[in-house]
Amino acid sequence: HAWAVAAKFDVQSKVPLTPALRAATDDKLGKQLDRYDKYLNSVTVNLKVERRAVHDTEHRGKEAHIAEVTALCTDKQVI
């Protein structure tokens with residue numbers, strides 16, 4: 001994908017960013033980013049893992065793997 005090597009695509013991670021994790025991120029988002037390329041200035045992907053069960057015991061010991069995508073459009077809108 002063109003976005004995978006572009007300078008305007010940034011992946012930030014609070015977990016170790018392995019080559020496999022980077023490749024999976026590129027594969028998941030690459031098609032969509034290529035499709036909307038003319039509308040986007042930059043894209044930032046934040047990867048993190050949240051521990052669950054802060055307020056209940058049902059989810060104790062479980063984790064949520066979260067990917068947040070922030071895209072800055074050419075018309076200065078953020079999505």
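Start by selecting K48 and E68: their side chains are joined by a polar contact of 3.3 Å. The model on screen is a predicted one.

Keep K48 selected and show what surrounds this residue. K48 belongs to strand β2, which covers residues 40-51. Leaving aside residues up to four places away in sequence, K48 touches K14, A64, H65, I66 and E68.

Next, select residues 19-35, which make up helix α2. The helix has 17 residues and reaches 24 Å from its first C-alpha to its last, close to the expected 24 Å. Where does α2 bend? Centre the view on L29, where the bend is about 45 degrees. L29 is also one of the buried residues of the helix; the others are T25, D26, G30 and L33. An α-helix has 3.6 residues a turn, so residues three or four places apart point the same way.

Finally, select Y36 and Y39 and display their rings. The count of aromatic pairs comes to one. Y36 and Y39 form this pair, which is tilted, with 6.5 Å centre to centre and 45 degrees between the planes. Y36 has a relative accessibility of 39% and so counts as partly exposed. Y39, at 43% relative accessibility, is also partly exposed.

Methods:
Residues numbered from 1 in each chain as written. Predicted model: local features only at pLDDT ≥ 70, side-chain atom pairs only at ≥ 80, totals over all residues. Heavy atoms only, no water. Phe/Tyr/Trp six-rings, centres within 6.5 Å; stacked < 30°, edge-to-face > 60°. Buried < 20%, exposed > 50% of the residue type's maximum accessible area, 1.4 Å probe, protein only. Helix = DSSP H or I, 4+ residues; strand = E, 2+ residues; numbered from the N terminus. Expected span 1.5 Å × (residues − 1). Bend = angle between axes of the 7 residues up to and from the residue. Contact = heavy atoms within 4.5 Å. Polar contact = N/O pair within 3.5 Å; in protein donor to acceptor, adjacent residues only side chain to side chain.
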